[in-house]
Amino acid sequence: MCNLYLVDDDQDVLDSLKWMLEGMGYAPQTFTNASCFLTQVDLHLPGIAILDIQMPGVDGIELLQQIKQQDSPLSVIMLTGHGTISMAVQALQHGAIDFLEKPADGDKLQALMKKASLMSLDAYQHKEKASSVAQRISSLTPREQQVMHAVLAGKLNKVIAAELNIAQRTIELHRQKVMQKMQVNNVAELAYLMAITKP
């Protein structure tokens, strides 16, 4: 189960929301402002953050923007006591997955939690895969990277050899090395891996 964070400057709201979520089997951590949340939470791990929009200092929208700027896999749900359509639109544009009005409806919140949890875990796994692929790419020499990109462009060994002005046998050796270092068996697998690294 994902980590769950509640950020609201109203302690009564925090307490009632925490009680409701604990009844659903979650173990939320609560924060009364954005700075406490930012100093105590690892934004690189999967989780769900339920943020109040209107807070003194850094408000919910600003906090949402900071979370997204960190390329965090956290799923964010916005909460407001007096929401407007423009606020909801703004929150969704900045990457919130939904917008709830206080007091939160338990059934709607429960369904949303499941969705948010899956989205966060997916985002985290994608980031982990992309990071692993990036490490493999960084292990390639500049020449191996040249060969890899030429192979991905569908060029034959003899064409790559002519373009780089080196022997075809050397290209074959580079190509083998690329496949080993990238941990793939063929060009299709290599193309799939490279696609993972694209945002």
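This is a predicted model.

What is the strand order? Reading across, we get β2-β1-β3-β4-β5, five strands in an open sheet with parallel pairing. At the edges sit β2, residues 29–31, and β5, residues 98–101, each with pairing on one side only. On average, neighbouring strands here are turned by 20 degrees against each other, ignoring direction.

Look at one pair in detail. Strand β1 covers residues 3–7 and pairs with β2 in the parallel sense, over three bridges. Which residue in β2 is the bridge partner of valine 7? That is phenylalanine 31.

Next, helix α9, residues 187–196. Its buried residues are Leu190, Leu193, Met194 and Ile196. Viewed down the axis of α9, these buried residues fall within an arc of 150 degrees, so they line one face of the helix. On the other side of α9 we find Ala188 and Tyr192, both exposed.

What do the buried residues of α9 pack against? Three helices: α5 at 106–138, α6 at 142–152 and α8 at 168–182.

Last, the start of α9. There, asparagine 186 has a side-chain oxygen that reaches to within 3.2 Å of the backbone nitrogen of alanine 188.

Terms used:
Residues are numbered from 1 along each chain as its sequence is written. This is a predicted model: local features need pLDDT of at least 70, side-chain atom pairs count only at pLDDT 80 or more; totals for chains, interfaces and linings use all residues. Side-chain values use heavy atoms; hydrogens and water are left out. Two strands pair if DSSP finds at least two bridges between them. Helices (H or I, at least four residues) and strands (E, at least two) are DSSP runs, numbered from the N terminus. Axes are lines fitted to C-alpha atoms, for helices over the stretch in contact, and angles run from 0 to 180 degrees between N-to-C directions. Buried means under 20% relative accessible area, exposed over 50%, partly exposed in between (1.4 Å probe, protein chains only). The arc is that of the directions from the helix axis to the C-beta atoms. Contact means heavy atoms within 4.5 Å. A polar contact is a pair of N or O atoms within 3.5 Å; within protein, one must be able to donate a hydrogen and the other to accept it, and residues adjacent in sequence count only if both atoms are side-chain atoms.
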